[in-house]
Amino acid sequence: MATVTPWEVKGNIDYDKLIKEFGVSKIDQPTLARIQKHTKELHPFLRRSIFFAHRDLNWALDQYEKGNKFFLYTGRSPSGPVHIGHLVPWMFTKWLQDKFDVELYFQFPDEEKFLFKDNLTFVQAQDSLHDNMLDVIACGFNPKKTHFIVDTKHANLMYPEAIKVAKKITFSTVKAAFGLTNEHNIGAIFYTSMQAVPAFLPSVIAKKKIPCLIPHAIDQDPHFRVSRDVIPKLGYDKPASIQCRFLPGLGGMTTDGKMSSSAEHTAIYATDDAKTIKNKINKYAFSGGQATVEEHRKLGGNPDVDIAYQWLMFFEPDDKKLQQIHDDYKSGKLLSGEIKAILIERVQTFLAEHQARRKDAAKMIDQFMLKVK
Ligand code: TRP
């Protein structure tokens, strides 16, 4: 049994089951074809069903086709270092921003993890905020079209809207949607109203309805399930959303369905150097290979559980290469150490590029901050 809530993800996740439980729609072929009409090629995350579900995506595309461009909204709650799993939805969001040429509002709810984690002080959350912003900027978002919203810094814009959302959500709704209980602090109970606001804040600022599309990892869906009921009551359109599955931790699909920042051995951080990447993957990546070389040659490996292969689905963009790796691993031609070596090279290159952009990011923070005239 797996648990998937915005604050806890564990176990072996069955994504088809989640689609039913959450009530999201699977991204089907006609929808993919429709996206491709605008983007020319499909992002590997779409081709491989890493982004696998949505709400009202076709409505957002209808609007786009009528010349009513949507804006994108996503976010990161600062609580510790960014790992490569966090980068997955952001890489895709950047692609959407470039292909559709749209604005992005990126929320940093710097109160969220402070409210939900017993051992995180507000000062620590602020340190993470700065650090995490560097990683977001390093993803390469367009500084002219990307706007950071920091809940406690933009309180003047956020709070008047959050109270309107909060007034329409009862405690019992929050309990049911998030599993919160009487023992939770009242800040935690209020929090979802803050995460709802950026989905319509641009409409408030522009004084007209602008469609919103939210790319996010599937665990965040309960927030938007609740806010989609409320936002129309405030006079704005329901936001559309598109959901991705998680990059598993190094420990394997069954134990580490989602990479966790606090599990140092099973996460690769955005700032890990080449040597650390190599050591962690070699030492901790769960292998779908056989116990001995002879057995492996005879029986082959299992790419479905092999973390090196699973990660290559995220980090090897070339479909042909990926298929070859898959087939060679399955047939026993490619050994466990060899598939890991391929992955190590991919992740090292990917993060070296990320880190190069991250170096120059601090001086860009101010440029990214939402400013309202
Ligand atoms: N709650 C998210 C987190 O824990 C942060 C977040 C805020 C977010 N707004 C969002 C994520 C919108 C996706 C989409 O990191």
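1. Let's start with a charge over a ring (NZ of Lys or CZ of Arg within 6 Å of the ring centre and within 35 degrees of the ring normal). R225 lies over the face of F22, at 4.9 Å from the ring centre. There is also K175, whose charged end sits over the ring of F171, 4.3 Å from its centre.

2. A word on what you are looking at. This is a predicted model, in which local features need pLDDT of at least 70 and side-chain atom pairs count only at pLDDT 80 or more, while totals for chains, interfaces and linings use all residues. Residues are numbered from 1 along each chain as its sequence is written, and side-chain values use heavy atoms, with hydrogens and water left out.

3. Now the aromatic rings. The structure holds 23 aromatic pairs, counted for rings of Phe, Tyr and Trp (its six-membered ring) with centres within 6.5 Å; planes under 30 degrees apart are stacked, over 60 edge-to-face, and the rest tilted. F148 and F368 are a stacked pair because their ring centres are 5.0 Å apart and their planes stand at 20°. This pair links distant parts of the chain, with F148 in strand β7 (residues 146-150) and F368 in helix α18 (residues 365-368), 220 residues apart. Helices (H or I, at least four residues) and strands (E, at least two) are DSSP runs, numbered from the N terminus. Both F148 and F368 are buried, where buried means under 20% relative accessible area, exposed over 50%, and partly exposed in between (1.4 Å probe, protein chains only).

4. Compare that with F315 and F350: their ring centres are 5.0 Å apart with planes at 55°, so this pair is tilted. F315 belongs to helix α15 (residues 307-315) and F350 to helix α17 (residues 336-359), 35 residues apart. F315 is buried at 5% relative accessible area, and F350 counts as buried at 18%. Elsewhere, ring pairs link W90, F106, F108, F141, F148 and F368 into a cluster.

5. On to charge pairs. A search of the whole structure finds 23 salt bridges (a side-chain nitrogen of Lys or Arg within 4 Å of a carboxyl oxygen of Asp or Glu). One of them joins R34 to D62, with the closest N and O atoms 2.6 Å apart. R34 lies in helix α2 (residues 29-39) and D62 in helix α4 (residues 57-65), so the bridge ties together parts that are 28 residues apart in sequence. R34 is buried at 17% relative accessibility, whereas D62 is partly exposed at 33%.

6. Another bridge, between D56 and R228, has its closest N and O atoms 3.1 Å apart. Because D56 lies in the loop between β4 (51-55) and α4 and R228 in helix α12 (residues 221-230), the pair ties together parts that are 172 residues apart in sequence. D56 is partly exposed at 32%, while R228 is buried at 10%.

7. C244 is in no disulfide either, as the nearest cysteine sulfur, that of C139, is 13 Å away. C212 is buried at 2% relative accessibility, and C244 is buried at 1%. The structure holds zero disulfides.

Terms used: A disulfide is a pair of cysteine sulfur atoms within 2.5 Å.
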